[in-house]
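Dear colleague,

Please find the structure below, together with its sequence. My notes on it follow.

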Amino acid sequence: MQIAHIIAAIDLGKTRCRLAVIDPDGRRSYADAGSPGLATADGVDTALAAILPLLAQAGPIDSLGVGVAGAWSVPDAARDLAERLAASTEVPVAVASDVVTAHGGALGGAPGTLLIAGTGAAALGADAAGVRLVDGWGPDVGDLGGGSWIGREGIRAVLRARDGLAEATTLSDAVRAHISPAPDAVAWLAADIPAARQLATVAPLVLDAAAAGDAVATGIAAEATRLLTASAVAASDDPAVVIHGGLTDHAWFRAELERSLTAAGRMTAPAAGDALDGAALLARRTDMPHERFVHRAE
């Protein structure tokens, strides 16, 4: 049932904290810096430090839905955050992982799969059997087919070609220009920037080279689409898939991924909304497939 009162929806990521205030007159938006994530030391305190000043700007609210990075892996911290927000705001609060709110927004609270293909990669599916998260393991052991994975494979291909271990690739010139003035990719990755973020900047070079017909890049892109498709299929038996993330801005790669998903019996659909819409749904409803992953407090 839709409730005609003032709902605040939060999307708290590691870079930005976004707030939408939704009332019968429309939607107001606010934004500021994010927090490191609930799984870090003092994760609840840093989340509160990001959220409460934005809520103070927004004025009175009647309920609050929050999606926060890291909540999936630390449910006790998510529950603590819900309780402390409820104590601070004196309104009902729902807290879940930002992957859950992204799924709820993308699919409008319905079953299906959200396939995330950005710097990292994960698939969250909801069907009659329940809710499943596939991958999202981080760049060291997972995020298979995501931007950092594609970039890493591209860098490896360049290094292998340089050392005579594999065939030549047009990626060599593209990567050399991209990392200049660093002398090589190893030195470039030693910079004081997270390696996953650095590697993800190489992914568009790989996809451009694949679209232009480079055999090595084409092989990397094909494996990325296979891995992403496998995650989506494993996440849910429901055929509906919404794909989301920076990689899908690349038209050639998106078309390849959609073709792969279709061949696997999945049907891609446009997103119904975003993570803020999903957080607002958590505040309104308790009947969505993700409910057991939502932490509520009043």
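Rings of Phe, Tyr and Trp (its six-membered ring) are taken as a pair if their centres lie within 6.5 Å; planes under 30 degrees apart count as stacked, over 60 as edge-to-face and the rest as tilted. This is a predicted model, in which local features need pLDDT of at least 70 and side-chain atom pairs count only at pLDDT 80 or more, while totals for chains, interfaces and linings use all residues. Residues are numbered from 1 along each chain as its sequence is written, and side-chain values use heavy atoms, with hydrogens and water left out.

A search of the whole structure returns 1 aromatic pair. The rings of Trp72 and Phe293 are stacked, because their centres are 4.6 Å apart and their planes stand at 15°. The pair links distant parts of the chain, 221 residues apart: Trp72 is in the loop between β4 (63–68) and α2 (75–89), and Phe293 in the loop between α11 (275–284) and β11 (295–297). Helices (H or I, at least four residues) and strands (E, at least two) are DSSP runs, numbered from the N terminus.

Asp135 is buried (under 20% relative accessible area; exposed is over 50%, partly exposed in between; 1.4 Å probe, protein chains only). Asp135 has no salt bridge (a side-chain nitrogen of Lys or Arg within 4 Å of a carboxyl oxygen of Asp or Glu). The nearest side chain of opposite charge, Arg152, is 10 Å away (Lys and Arg count as positive, Asp and Glu as negative; His and the chain ends are not counted).

Yours sincerely
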